[in-house]
Protein chains: 2
Amino acid sequence: MLKKTKKEQPIILVTNDDSIAAPGIKALAEAVQDLGRVVVVAPDKPQSGMGHAITIGHPLRLQKVAFIEGIEAYTCNGTPVDCVKLAVDKILHRKPDICLSGINHGANHSINVIYSGTMSAAMEASIESIPSAGFSLLDYSMEADFNPAKLYVRKIAIQMLAKKHDKHLLLNVNIPAVPELLIKGIKVCRQAYAKYEEAFVERKDPHGKMYYWLTGEFVNFDKGRDTDVWALKNNYVSVVPVQFDLTNYELKKKIDTWKF
Amino acid sequence: MLKKTKKEQPIILVTNDDSIAAPGIKALAEAVQDLGRVVVVAPDKPQSGMGHAITIGHPLRLQKVAFIEGIEAYTCNGTPVDCVKLAVDKILHRKPDICLSGINHGANHSINVIYSGTMSAAMEASIESIPSAGFSLLDYSMEADFNPAKLYVRKIAIQMLAKKHDKHLLLNVNIPAVPELLIKGIKVCRQAYAKYEEAFVERKDPHGKMYYWLTGEFVNFDKGRDTDVWALKNNYVSVVPVQFDLTNYELKKKIDTWKF
């Protein structure tokens, strides 16, 4: 890793899972454009729900593309996690100062953190000791208004750049889909226990064979007022600090007594 | 969910990420065949490194297939997580008593838990309140000797079925690739901070364009003697209890003091 000289700007790596063509990544890059040297490396096609997938079975490509005036941008044919790995190793040739992922079109609160390509890209950066954050707006529409979200992306990025944090800093930020005036501020939360109750839609193809579409209804089982779901419902921007050590230390104590 | 009558056998859902054709899933099913009604639902092609990916963009198919005598088996064209969701909703029509995933051909200790399709299938079951475990043998070969691993799969499955556990019980079990006599027993561990240091292999295609293969060297940064990497190096079977609440509660306290 190259040492930064005093005059050098921080490098901000920007990625997402909705692809380079999504309005959300433009909004994210614009929100932080003047805070450092922004470099965008994003999937060339939508990668929602890819979780922490990586590409092993086929080779990866990088393509330099036009983006916003003054911002260097590349697409990759892989997953969001691949984008982060390639950006560090083949484009930047050093760790960026921070990595920002999003702004996702749709919620990534509660259990969604596990399925989300947006958050997996940020988590990959965090594993690589790059402080990072994933941002999601609770609006799936491609016509969503990203202006209130941009304001909060900026506030959080400024804090992330302001001082030395834990090198594995990882934030899951969700922004309610309401006008700026109605947003009550930022709430630091825990991940709610809420999940999708699956109901596959069953159809028959013209050859008489069944096929299934994954659908599901979101159900919040968590009545806590300290969760991301609660915060968003009450028009707060939710910030959940996330970790990649998945050890369940409570359960560890119990299992130590098992007689194998 | 249907209630079990007293006489009913427990239902053991078996899945993996190496596909129905991998020797590891046969070894797993055989190891627990007499402990209950085993139902196999596995991907129809290898899905290693798929992480917690789900299939949103195209429909899913299920196909009943021949497997081991006396065991009902299906393939699915989706990810390991899709297999679990479809098994519960469209095949079993109830939650199985436990879900076992693997036996993976290759290690899933330390940070691999995040990338692993094997562990993601088990985690999906855990989110669905099904006690579950993922099993991995530290041998990538298709000719690996699964006999010592089968013994430990069985020991752990018996414990899982023996009494009522936390409904979100989730175990990441790795088995060293050594003869049975050399295995010292089971060690309950925490996830090591160890990761792959990426080094993409760079090649040029016949048209002069670059492409990249993801490779990497595994590096253990964690000197603890309570980790899965340590246990495996010392010929123990490692058992890491895993959770899907990714909130970093320590970091949460620190961030509460940020001035946004």
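## Overall dimensions

The radius of gyration used here is taken over C-alpha atoms, and the globule rule it is compared with is 2.2 Å times the number of residues to the power 0.38. For 260 residues, a compact globule would have a radius of gyration near 18 Å, and the 19 Å of chain A agrees with that. The structure is a predicted model. Taken along the principal axes, the C-alpha atoms of chain A fill a box of roughly 60 × 50 × 50 Å.

Chain A contains 7 helices and 13 strands. Of its 260 residues, 52% count as buried. Among contacts in chain A between residues at least 6 apart in sequence, 77% join residues at least 24 apart.

## The sheet of chain A

Chain A holds an open sheet of 9 strands with mixed pairing, in the order β3-β4-β2-β1-β5-β6-β7-β13-β8. Its edge strands are β3 (62-65) and β8, each of which pairs on one side only. From one strand to the next, the twist averages 20°.

Strands β6(A) and β7(A) run parallel and are joined by 6 bridges. Within this pairing, A133(A) has L171(A) of β7(A) as its bridge partner. Two helices pack on the sheet. Helix α1(A) touches β1, β2, β5 and β6 of chain A, and its direction makes about 140° with that of β5(A). Helix α4 (residues 117-127) of chain A touches β1, β5, β6 and β7 of chain A, with a direction at about 170° to that of β6(A).

Strand β7 (residues 170-175) of chain A runs antiparallel to β13(A), and 4 bridges join the two. In β13(A), V240(A) stands opposite N172(A). Strand β8 (residues 186-188) of chain A runs parallel to β13(A) and is joined to it by 3 bridges. Here I186(A) has V237(A) as its bridge partner in β13(A).

## Helix α1

Helix α1 (residues 23-32) of chain A is mostly covered, with 8 of its 10 residues buried. These buried positions of α1(A) are G24(A), I25(A), K26(A), A27(A), L28(A), A29(A), A31(A) and V32(A). They pack against β1 (11-15), β2 (37-43), β5 (98-105), β6 (132-137) and α5 (147-162) of chain A.

## Relation and contact of the two chains

Chain B is superposed on chain A by a rotation of 180° with 0.0 Å of shift along its axis, at an RMSD of 0.0 Å. That is the relation of a two-fold axis.

The contact takes 53 residues from chain B and 53 residues from chain A. On the side of chain B that touches chain A, helix α2 (residues 80-92) of chain B gives the most, with 4 residues. By class, that side of chain B has 30 nonpolar, 11 polar and 12 charged residues. Of the interface residues of chain B, 100% are also interface residues in chain A, so the copies meet through the same surface.

Definitions and conventions: Residues numbered from 1 in each chain as written. Chains lettered and ligands numbered in written order. Predicted model: local features only at pLDDT ≥ 70, side-chain atom pairs only at ≥ 80, totals over all residues. Least-squares fit on C-alpha atoms with pLDDT ≥ 70 in both. Contact = placed C-beta atoms within 7 Å. Nonpolar A, V, L, I, M, F, W, Y, C, P; charged D, E, K, R; others polar. Pairing = 2+ DSSP bridges. Buried ≥ 20, exposed ≤ 12 C-beta atoms within 10 Å, placed from the backbone. Axes fitted to C-alpha atoms, helices over the stretch in contact; angles between N-to-C directions.
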